[in-house]
Amino acid sequence: MNVSKGSLCVDNPQDVIPNSRVLWSSGTTWHGIRAEAYHLEELETADFRTVDHSVVLHLSTPALVELKTDGQCDTRNRIPGDLSILPAPTVRQLRSRDPHDVLVVTVSQEVVAQTALAAGDGTRFELIPYAYYRNKQLEHICWALKAETECDFVSGPLYGESLALAVCVHILRQRFAEQSTSQKNGGIAPRTLRQVIDYIESNLDSPLRMASLAEISGLSQYRFAHNFKSATGVAPYQFVIHTRLDRAKQMLRQTDASVLDIAYAVGCQSISRFNSLFRREVGTTPSNYRASFR
C-alpha cells in the first residue's frame, strides 16, 4: 500500500474497505485478470486508487451507494447489473449503509496497454472513469467470470484470459471509437497456425496460456485471439476444450487407461473437474461414454 497525491494506492480494495469479506477469489488462476466477490457492510472509505484497472458489478439486492470518482459524486440505488469502470489512477471513495455484494474484476495495466497497442491507432490514451455504467455485453462477461470461478475453473486458464481481453476491449471502447477497435483485420499464416495447433496438441496435459500461444504466432494476445478465431471459427479456449475432449474420447474408446489418468493427460487436474467438463460438453460422464463402446 502506497500513499501518493493524498490518496492511498492499494493492490487490493479490501485493504481500505472496512467491514468487507471476500466471498471467493480467482487468485492467480488467470494471468492479468482477477475476479473477486465481496460482501460489504456499512462502509466509508478514505480516498484510494488501485494498482490495476477495475470493473465493479453490483450482485445483490438494491443498495444505496455513494461513489465519488476524482471528486465527482454519484449517489444512487445500485441494482444487479449496474457497473462501474474505474481506471487505476481514478481516486475513489465509497459510502453506503446498506449491506450488499459486488464482483470486482481487475485487469492489469500491462494487459490493457498491450491490448490498446494492438487494437488502437497508436495514439496515447487516457481511460475515463464511469461511476455508473450499463452494458449487457460487459455484464455478461463479468457473470461468466463469476460462473467459471464457482465451477472450479472447469474451462481452463485460457477461458479467463480470453475474457480478460474482452474486458480490455470494453474498457478501451470508452476511449477508442468502435472503428478503431475493430477495423484491423487479418489472419494467421497456415504454417504459423499449424505450429500453434501442434503446440496445443503436444501440451494438452499442461495449463495452456494465451501468452504462450500468442508468442508462437508472433502476435499480441489481443491480435492472436482475434485472428485465431477468424482462421478457425472458434476462440482459442474453445479450440483447446474441443481438442482436449477429442483426445479424451479417443482414449476412452481405444485404451484401458483409468478415467483419472485420462483426466491428467488432457490437462484436468482433478477427476471432478474432468467429469464436469465432459458432462457439460458431451452430455454424459466419461465412464458412461466408455461403456457405450464396450
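The model is predicted, so local features need pLDDT of at least 70 and side-chain atom pairs count only at pLDDT 80 or more, while totals for chains, interfaces and linings use all residues. Residues are numbered from 1 along each chain as its sequence is written, and side-chain values use heavy atoms, with hydrogens and water left out.

Begin by selecting S162, L165, A166, V169 and K229, which are the closest to the centre of the largest pocket among its 23 lining residues. A pocket here is an open set of points on a 1 Å grid over the protein atoms alone, where a 1.4 Å probe fits, with protein on both sides within 12 Å along at least five of seven lines, and lining residues have an atom within 4 Å of a point. Its volume is about 630 Å³, taken as the space filled by probe spheres set on the points, which are joined across faces, edges and corners.

Next, select R95 and E66, whose side chains meet in a salt bridge at 2.6 Å, N to O, the term meaning a side-chain nitrogen of Lys or Arg within 4 Å of a carboxyl oxygen of Asp or Glu.

Then move to R134 and D82, another salt-bridge pair at 2.6 Å, N to O. D82 counts as buried at 2% relative accessibility, whereas R134 is partly exposed at 36%; buried means under 20% relative accessible area, exposed over 50%, and partly exposed in between, with a 1.4 Å probe and protein chains only.
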